[in-house]
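This report goes through some features of one protein structure. Please have the sequence and the structure at hand while reading.

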Amino acid sequence: MPRTYEDELKFIERISPVEFKIKKGFVPNMNVEGRFYVNSALEKLMFEELQTFSQTHGVGGFLPAVKQIGNVASLPAVVGYSIGLPDIHSGYGFAIGNIAAFDVSNPLSVVSPGGVGFDINCGVRLIRTNLSEKDVQPYKEQLAQSLFDHIPVGVGSTGIIPINAREFDECLEMGTDWTLREGYSWAEDKEHCEEYGRMLQADATKVSVRAKKRGLPQLGTLGAGNHYGEVQVVDEIYDDYAASKMGIDHVGQVVVMIHCGSRGLGHQVATDALVEMEKAMARDQILVNDRQLACARIASEEGQNYLKGMAAAANFAWVNRSCMTFCVRQSFAKIFNSTPDDLDMHVIYDVSHNIAKMEEHLVDGRPKQLCVHRKGATRAFPAHHPLIPVDYQLTGQPVLIGGTMGTCSYVLTGTEKGMQETFGTTCHGAGRAMSRAKSRRNIGYEEVLEKLKQQGISIRVASPKLVMEEAPESYKNVIDVVNTCHEAGISRKCIKLRPIAVIKG
């Protein structure tokens with residue numbers, strides 16, 4: 001007999017103004033408890049979703065995010081907690097904004113493609129300039145057009161980087177090192193990239209021919225959906241010292257944010273792995289609460305093949321963002337009749353939002369090797385962590401939080417508390433509050449474009465009808481999301497950015 005909403009609430013307990021605990025028993029077979037972070041505005045959305053589910057008993061669509069947190073807590077060898085971040089919303093298997101870590105030394109531990117997502121290493125890169133808003137304002141329309149002309153955008157867009165099949169395999173295995181060799185990146189770019197822009201376990205032979213076929217023409221393309229390129233202006237600085245380490249020294253400074261991932265290649269790698277894992281689960285008798293949580297033992301052939309293929313897709317995403325950085329630098333150089341070097345167009349940082357990585361964390365006071373799944377979540381390591389660049393050793397890792405179209409974005413820094421509570425992880429963006437289909441039904445694209453115009457934002461869009469899916473009303477308020485993480489202490493606010501020009505698929 002399905003439980004009533006009131007019965008469901010008995011398993012959820014508030015443990016701080018912005019944190020809730022999900023007790024064992026909320027869903028069957030939970031190995032650990034769940035945790036999620038929300039402030040009062042976001043809390044309402046979270047509980048409304050659960051209430052609707054309890055009343056309809058889940059007719060259609062994904063499970064509510066809070067149920068998905070519970071189902072992830074029931075996976076084999078999961079440690080700590082299954083954690084939901086403030087931008088959490090329902091996704092395939094894992095909710096988007098759900099993180100979980102698995103003890104690699106336990107032979108039962110698993111890796112799940114649903115815990116990474118279909119857009120492997122969807123991520124954000126931030127490039128600074130020494131320009132101010134007043135320098136850019138007279139050329140804003142030309143700049144938006146130049147970026148739109150230089151960077152292929154939209155569904156089915158094809159890249160401008162000349163590459164054959166053999167070179168493509170090298171790019172999958174070398175990541176940013178490939179772009180360095182080919183002259184698309186600066187040496188300093190690599191330093192300011194998560195994993196230095198290359199996962200060493202990548203193996204191009206574990207990426208199917210179909211995946212490569214989808215990826216080959218898409219190198220250096222932005223794609224569609226929630227991906228974008230934005231020219232932004234520094235709106236507020238909360239931490240002067242951390243901002244100065246990033247090369248941000250005044251309000252009004254212009255930066256460029258690129259948000260995209262591994263395109264069709266990553267999607268195919270995930271799809272291929274899910275088929276293999278269904279078979280592995282039957283063989284190894286792995287039981288899960290939701291078949292979308294298909295997984296394989298980390299040590300199994302299927303588990304290893306996925307990790308190597310996923311790493312190759314992650315490398316492809318870094319190459320993709322690097323090639324677009326090259327295009328952004330060319331655009332700015334052309335419009336401002338200068339060189340990218342003279343415009344100080346250095347990469348501040350590049351972070352991943354959808355990835356599973358082997359990391360060392362303290363579990364019950366002892367260091368353990370864990371496979372940390374971050375889906376719609378950003379690594380946020382604290383100061384003095386050996387895996388962050390020398391420049392950021394005293395401030396903590398920069399964390400890039402993209403807002404929705406026309407709203408603000410943020411740069412945060414990682415904290416020690418985040419390391420202890422969330423495996424060094426924080427939110428990744430605003431998080432959807434309305435499905436894409438519902439957005440299309442409820443919001444007109446002309447209205448969205450007009451609103452952006454009124455805000456003084458220059459916009460270039462390849463598919464105007466997709467714009468309503470990305471309208472700010474379709475998303476949670478990014479300010480609520482960031483403030484929740486700041487209040488919880490799992491990351492710290494550093495810089496607020498607002499857009500002045502946007503290009504989208």
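Cys122 is buried in this predicted model, because its relative accessible area is 8%, and the cut-off for buried is under 20%. The residue sits in the loop that links β6 (110–111) to β7 (123–132). Apart from neighbours within four places in sequence, Cys122 is in contact with His227, His259, Cys260, Gly261, Arg321, Ser352, His353 and Asn354.

**Annotated sites**

An unreviewed UniProt entry places the feature "binding site" at Cys122, His259 and His353. These residues are spread over 232 residues of sequence, but they cluster in space, with a largest C-alpha distance of 10.1 Å. The UniProt annotation "binding site", again from an unreviewed entry, also covers Asp119, Cys122 and His227. This set spans 109 residues in sequence, yet no two of the C-alpha atoms are more than 10.9 Å apart, so the residues gather at one spot.

| Residue | Relative accessible area | State |
|---|---|---|
| Asp119 | 17% | buried |
| Cys122 | 8% | buried |
| His227 | 7% | buried |
| His259 | 8% | buried |

Where does His259 lie? The residue belongs to strand β9 (residues 253–260). Not counting residues up to four places away in sequence, His259 touches Cys122, Gly123, Val124, Leu222, Asn226, His227, Tyr228 and His353.

Asp119 is located in the loop between β6 and β7. With residues up to four places away in sequence left out, Asp119 touches His227, Gly261, Ser262, Arg263 and Asn354. His227 is found in another part of the sequence, in the loop between α9 (209–215) and β8 (228–237). Which residue's side chain is joined to that of His227 by a polar contact of 3.0 Å? The partner is Asp119, and the contact runs from side chain to side chain. Beyond residues up to four places away in sequence, His227 touches Asp119, Cys122, Leu222, His259, Cys260, Gly261, Lys504 and Gly505.

**The sheet**

The model also contains an open sheet of 7 strands. Their order is β1-β2-β3-β4-β5-β13-β12, and the pairing is mixed. The edge strands, each of which pairs on one side only, are β1 (12–16) and β12 (354–363). On average, neighbouring strands of this sheet are turned by 25° against each other, with direction ignored.

Inside the sheet, strand β3 (residues 34–37) pairs with strand β4 (residues 78–89) in the parallel sense, over 3 bridges. At one point of this pairing, Arg35 has Ile83 in β4 as its bridge partner.

Two helices can be described by the way they lie on the sheet. Helix α2 (residues 40–56) packs on the sheet and touches β1, β2 (19–22), β3 and β4. The direction of α2 makes about 170° with that of β1. Helix α16 (residues 478–488) packs on the sheet as well, touching β3 and β4. Its direction makes about 145° with that of β4.

**Helices α2 and α3**

How do α2 and helix α3 (residues 65–72) cross? Their axes come within 8 Å and cross at roughly 85°. Angles of 65 to 115 degrees count as roughly perpendicular, and α2 and α3 are therefore roughly perpendicular to each other. On the α2 side, the contact is made by Met46, Glu49, Leu50 and Phe53. On the α3 side, Ala65, Val66, Lys67 and Ile69 take part.

Leaving out residues up to four places away in sequence, Ile69 touches Ile22, Gly34, Arg35, Phe36, Met46, Ser82, Gly84, Ile88 and Asn98. Among them is Arg35, the residue whose bridge partner in β4 is Ile83. Met46, also touched by Ile69, is one of the α2 residues that make the contact with α3. Ile69 and Phe26 are 43 residues apart in sequence, and their C-alpha atoms are 10.0 Å apart in space.

Conventions. Residues numbered from 1 in each chain as written. Predicted model: local features only at pLDDT ≥ 70, side-chain atom pairs only at ≥ 80, totals over all residues. Heavy atoms only, no water. Pairing = 2+ DSSP bridges. Helix = DSSP H or I, 4+ residues; strand = E, 2+ residues; numbered from the N terminus. Axes fitted to C-alpha atoms, helices over the stretch in contact; angles between N-to-C directions. Contact = heavy atoms within 4.5 Å. UniProt positions renumbered as here; feature names shortened; annotations may be inferred. Buried < 20%, exposed > 50% of the residue type's maximum accessible area, 1.4 Å probe, protein only. Parallel < 35°, antiparallel > 145°, perpendicular 65-115°, else oblique. Polar contact = N/O pair within 3.5 Å; in protein donor to acceptor, adjacent residues only side chain to side chain.
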